[in-house]
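Keep the sequence and the 3D view side by side as you read.

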Amino acid sequence: MSELENPFDRLHATAPTVLPYQSNVLVRSFVLTRPTGNVIVYNSPGIDADAAGIGSLGGATRLLINHAHEAMYGQPALDVPVFVHERDRAEAARALRIAGTFERRSMIDDDLEVIPTPGHTAGTTSFLWDSGEHRFLFTGDFLWIEEGEWKAVVLEPSLRTAYLDSLRLVRDLDFDVLVPWGVTDDGPYLQEVDPVGKRQRIDAILERVQAGASR
């Protein structure tokens, strides 16, 4: 039986799942315990594997999807409304029941910000959560950790300009923990960073993507 991990106060991580088309990559979902209602970020089989643990935390009021590729795992058995960006809704809705969408930068209560960061897909959206002790940025595959290094995942040449704009936006956000959807299995699944290190890492990605690289 799986158990939720608790890497930081009020943040819980589900059991990892191997990405079907990349066997060295693990994906997770994360539970944010909040006074105004718990939220799950990212869809993965870990939601069902750790359903009892999520229930013991009080369940969840919504599941936030970073991008439509997360729909590959289908609808969780856990009864939780699913939200995704409008531009990824059609693809996600093939396998998920979509309760609502977001289109622009906005707040969920006073601690969780919805920040569209198109580039990996047209509707890729990051989430910035202020837990009171840390500011966690959930970036999906837009920024992920490969062998300890922050990387991009550019899939569509037509979205490269949007990707670059999103990287510049994220570079200026105030966060101190990066929490991607997927990571390689030999590295950390989230990473603390200081303002200088954050900027240096994202500048390095910008330089690569501007030069035509996909990572």
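Start at Glu147, which sits in the loop between strand E14 (144–146) and strand E15 (149–151). Bear in mind that this is a predicted model. The phi of Glu147 is near 50 degrees, a positive value in a residue that isn't glycine. That's worth a look, since most residues other than glycine have a negative phi. Is Glu147 buried or exposed? With a relative accessible area of 58%, Glu147 counts as exposed.

Arg10 is another non-glycine residue with a positive phi, this one near 75 degrees. You'll find Arg10 in the loop between E1 and E2. Its relative accessibility is 21%, so Arg10 counts as partly exposed.

Gly132 has a positive phi too, near 105 degrees, and belongs to the hairpin of E12 and E13, where 4 residues lie between the strands. Those two strands, E12 (residues 125–130) and E13, pair in the antiparallel sense over 4 bridges. One of the facing pairs puts Asp130 opposite Arg135 in E13.

Now for a sheet elsewhere in the chain. It is an open sheet of 7 strands in the order E1-E2-E5-E6-E7-E8-E9, with mixed pairing. At the edges are strand E1 (5–8) and strand E9 (98–102), each pairing on one side only. On average, neighbouring strands in this sheet are turned by 30 degrees against each other, ignoring direction. In general, strands of a sheet pair through backbone hydrogen bonds, either parallel or antiparallel. Here are some of the pairings in this sheet:

| Strands | Sense | Bridges |
|---|---|---|
| E1 and E2 (residues 11–13) | antiparallel | 2 bridges |
| E7 (residues 62–64) and E8 | parallel | 2 bridges |
| E8 and E9 | parallel | 4 bridges |

Glu5 stands opposite Ala13 in E2.

Which way do the residues of strand E8 (residues 82–85) point? Val82 and Val84 go one way, Phe83 and His85 go the other, and all of them are buried.

Last, turn to a pair of helices. The axes of helix H4 (residues 160–171) and helix H5 (residues 195–210) come within 10 Å and cross at roughly 170 degrees. That makes H4 roughly antiparallel to H5, because angles over 145 degrees count as roughly antiparallel. From H4, the residues in contact are Arg160, Leu164, Leu167, Arg168, Val170 and Arg171, and they meet Lys198, Arg199, Ile202, Asp203, Ile205, Leu206, Val209 and Gln210 in H5. What kinds of residue make up the contact of H4 with H5? They divide into 7 nonpolar, 1 polar and 6 charged.

Conventions:
Residues numbered from 1 in each chain as written. Predicted model: local features only at pLDDT ≥ 70, side-chain atom pairs only at ≥ 80, totals over all residues. Heavy atoms only, no water. Axes fitted to C-alpha atoms, helices over the stretch in contact; angles between N-to-C directions. Parallel < 35°, antiparallel > 145°, perpendicular 65-115°, else oblique. Contact = heavy atoms within 4.5 Å. Nonpolar A, V, L, I, M, F, W, Y, C, P; charged D, E, K, R; others polar. Pairing = 2+ DSSP bridges. Buried < 20%, exposed > 50% of the residue type's maximum accessible area, 1.4 Å probe, protein only.
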